[in-house]
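Take a look at the fold below.

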Amino acid sequence: LERPEGVIFSSSDMRDHILQKNQGSKPERYTILENRPFLEDIPEDGHDKISKETGQINVVYIGAIALEGYRNYIQYFKEVLNSGHSLHIYTPSADGIRNDYSSKLKNGGNLHFHDPLPPNDLLKEISRYDMGMIPFNRSRDTEHLDFAIPNKLYEYLACGLRVITSFNLRYFPAVF
């Protein structure tokens, strides 16, 4: 944070957190580009729900996935699939990671990977699903909880989705 010409943060909370942890940094080099949908980005007319045609609950997750670290969501995704629901994942993660997830989840056709979409298109697209998923592990990604999860919660709720989290998956379908 001392060398760059500038730093871009996705929220003022994130900037303030970094400033507090790095007292000698130069806040005049910091810019905030909000990483959230604005009211005009929220779709007024969503798509019909997929479940209306199939009778099966469809859960969506938007974001990166990994095989290690706090983005390893295999156990959480497995719980959704084992409940008999369809899971749709919009992720920028590599095909190799997607393939590993597919083989580890042995989903019986209920796991669907989708490429990321531009934000406005994504918000309209996710309105087709019944629930949005926010997986997290409170013991590993606490700072991530402060910045990313509120944005994801807002996106799902703004698109008319009920939200499930790994915090309440054991009581599935407990939702917000």
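H3 is followed by Gly84, whose phi is positive, near 90°. Helices (H or I, at least four residues) and strands (E, at least two) are DSSP runs, numbered from the N terminus. The model is predicted, and local features need pLDDT of at least 70, side-chain atom pairs count only at pLDDT 80 or more, while totals for chains, interfaces and linings use all residues. Residues are numbered from 1 along each chain as its sequence is written, and side-chain values use heavy atoms, with hydrogens and water left out.

Stay with H3. Helix H3 spans residues 74-82, and its buried residues are Ile74, Tyr76, Phe77, Val80 and Leu81. Buried means under 20% relative accessible area, exposed over 50%, and partly exposed in between (1.4 Å probe, protein chains only). These five residues cover an arc of only 165° around the axis, so they lie on the same side of H3. The arc is that of the directions from the helix axis to the C-beta atoms. An α-helix has 3.6 residues a turn, so residues three or four places apart point the same way.

What covers this buried side? The cover of the buried residues of H3 includes strand S3 (58-62), strand S4 (86-90), helix H4 (95-105), strand S5 (111-114), strand S6 (131-134) and strand S7 (162-165). Contact here means heavy atoms within 4.5 Å.

Now the sheet. Five strands form an open sheet in the order S5-S4-S3-S6-S7, with parallel pairing. S5 and S7 are the edge strands, and each pairs on one side only. From one strand to the next, the twist averages 25°. Two strands pair if DSSP finds at least two bridges between them. S3 and S4 run parallel and are joined by 5 bridges. In S7, Arg162 is the bridge partner of Met131. H3 packs on the sheet, touching S3, S4, S5, S6 and S7, and its direction makes about 145° with that of S4. Axes are lines fitted to C-alpha atoms, for helices over the stretch in contact, and angles run from 0 to 180 degrees between N-to-C directions.

Look at S4 itself. Is it buried or exposed? S4 is mostly covered, with 5 of its 5 residues buried. Ser86, His88 and Tyr90 point one way, while Leu87 and Ile89 point the other way. In a regular strand the side chains alternate between the two faces of the sheet.

Strand S7 holds Val163. Val163 counts as buried because its relative accessibility is 0%.

H4 comes next. The buried residues of H4 are Arg98, Tyr101 and Leu105. They cover an arc of only 60° around the axis, which puts them on the same side of H4. Asp95 and Asn99, on the other side of H4, are exposed. What covers the buried residues of H4 includes H3 and S5. Just after H4, Lys106 takes a positive phi of about 35°.

The aromatic residues tie in here. The structure holds 6 aromatic pairs. Rings of Phe, Tyr and Trp (its six-membered ring) pair if their centres lie within 6.5 Å; planes under 30 degrees apart count as stacked, over 60 as edge-to-face and the rest as tilted. The rings of Tyr73 and Tyr76 have centres 6.5 Å apart and planes at 45°, so this pair is tilted. Tyr73 and Phe77 form another tilted pair, at 5.9 Å centre to centre and 55° between the planes. Tyr73 is buried because its relative accessible area is 2%. Phe77 is buried too, at 0%. One aromatic cluster is formed by Tyr61, Tyr73, Tyr76, Phe77 and Tyr101.

The charged end of Arg128 sits over the ring of Tyr129, 5.9 Å from its centre. The criterion is NZ of Lys or CZ of Arg within 6 Å of the ring centre and within 35 degrees of the ring normal.

Finally, step back to the whole chain. The protein has 6 helices and 7 strands. Along the sequence they follow the pattern β-α-β-α-β-α-β-α-β-α-β-α-β. Buried residues make up 41% of the 176 residues. Among contacts between residues at least 6 apart in sequence, 70% join residues at least 24 apart.
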